[in-house]
Amino acid sequence: GRLMCGTNLYFEYLMKHAPVEESSYVQLLAEIVELTRSYDTWDWFNVEPKNIQAKHLNTLYWKKGAIEFHNWIIERLDTLSAAGLKFELDALSQYIVDSEDERLERYANKKNKSMQIRSSENYTFGIITVEEFHSEIGNILALNNPELDFIAMVDMDAKSDTNIFEKVSLRTIKDIDLSEIAQRFGGGGHSKAAGFMLSHETYDIFSPMGLQRQPV
C-alpha cells in the first residue's frame, strides 16, 4: 500500500541486515531517503500539502551534479546532526532552488506556446521537444491542458546516427495507463509516466518534425 523506490528499498535492507544504533545522523539520513522516495514515486505531488522539499532536493541534485550533491549531503548530515536539527536546505541552496523554480516557470510557458496537438487512436495529446526539466515539464503541461489525454516529450539530446529524434517520454494526470501505450512501441514505464524510443513506425505520430497526418 506504499509506493517504493530503489533508494528506500536499499536503505531498509541495510537497516535490517546491518543495523546501527539510532542517532540524529541516522534519523537525518532516513529523512533524506524518504524525500527521495517521495519524489521518485511522485507521492510528493499527490499529497496535501505537497511535499515541496522533496522536489527541491531533486532540483538541487540536477543543478549541482552527482558528485557535488553527494559532498553537499554529507556536509549537511554532519552539520545538522551535530546540532540536533531536522533536514533543511542551507540559504545558498534554497536560493539556487528558488531561481530554478522561476526558470522552470518561464520554460513551461515557452513550451506551452510551442506545443503541437496531435490525435491518434482515440487519444488527443500534446507534443513538445525538451532539453531540460524532463520530470516536471510534462506534469505542468498536463495540468495546464486538462483537455489533453497526455503529453509526449521528445528528448532533443537523444539522437541516432541518422539524426532522428529517438526518445519519447509520456506523462499524464488522467486515468490512462501510459505503460500500455509505450509497450506497444517497445518501451515501458508506469501508468502515469512511460517512454519508448522513436522508430520509423512512430515518427510521423510522435516527432515534432513528423507529417501532420489524420488520426490513425
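Which residues line the largest cavity? Select S120, E121, Y123, F125, F150, I181, R184, F185, I205 and F206, which together form that lining. The model is a predicted one, in which local features need pLDDT of at least 70 and side-chain atom pairs count only at pLDDT 80 or more, while totals for chains, interfaces and linings use all residues. Residues are numbered from 1 along each chain as its sequence is written, and side-chain values use heavy atoms, with hydrogens and water left out.

**The cavity**

Rolling a probe the size of a water molecule over the atoms shows where empty space is left. On a 1 Å grid over the protein atoms alone, a cavity is a set of points where a 1.4 Å probe fits but cannot get out; a pocket is an open set with protein on both sides within 12 Å along at least five of seven lines; and lining residues have an atom within 4 Å of a point. Grid points are joined across faces, edges and corners, and a volume is the space filled by probe spheres set on the points. By this rule there is one cavity of 30 Å³ or more, and the volume of the largest cavity is about 80 Å³. Colour β2 (123-130), α8 (178-184) and α9 (203-206), the elements that give two or more residues to its lining. Helices (H or I, at least four residues) and strands (E, at least two) are DSSP runs, numbered from the N terminus. The lining of the largest cavity comprises seven nonpolar, one polar and two charged residues. In this classification Ala, Val, Leu, Ile, Met, Phe, Trp, Tyr, Cys and Pro count as nonpolar, Asp, Glu, Lys and Arg as charged, and the others, Gly among them, as polar.

Select I117 in strand β1 (residues 116-120). Not counting residues up to four places away in sequence, I117 touches T124, F125, G126 and L148, where contact means heavy atoms within 4.5 Å. I117 is partly exposed, with a relative accessible area of 45%; buried means under 20% relative accessible area, exposed over 50%, and partly exposed in between (1.4 Å probe, protein chains only). Next, select N122 in the loop between β1 and β2. N122 counts as exposed, at 83% relative accessibility, and has a positive phi of about 70° although it is not a glycine. Most residues other than glycine have a negative phi, and most peptide bonds are trans.

**The pocket and its surroundings**

Turn to the largest pocket, which holds about 640 Å³ of space. Of the 20 residues that line it, D40, T41, W42, K192 and A193 lie nearest its centre. The elements α2, α3 (43-46), α4 and α7 (134-144) each supply at least two residues of this lining, which divides into nine nonpolar, eight polar and three charged residues.

Centre on W42, in the loop between α2 and α3. W42 also has a positive phi, about 65°, although it is not a glycine, and is partly exposed at 21% relative accessible area. Continue to P49, in the loop between α3 and α4. A cis peptide bond joins E48 and P49, with omega about -5°.

**Two helix pairs**

Display helix α4 (residues 52-64) with helix α5 (residues 66-83): their axes come within 6 Å and cross at roughly 130°. Axes are lines fitted to C-alpha atoms, for helices over the stretch in contact, and angles run from 0 to 180 degrees between N-to-C directions. The two helices are therefore oblique to each other. Angles under 35 degrees count as roughly parallel, over 145 as roughly antiparallel, 65 to 115 as roughly perpendicular and the rest as oblique. Show the side chains of L57, L60, Y61 and K64 in α4, which meet A66, E68, F69, W72 and I73 in α5.

Then display helix α1 (residues 6-17) and helix α2 (residues 24-40), which pack at about 150° with axes 8 Å apart. This makes α1 roughly antiparallel to α2. T7, N8, F11 and M15 of α1 and V26, L29, A30, V33, T36 and R37 of α2 make the contact.

**The whole chain**
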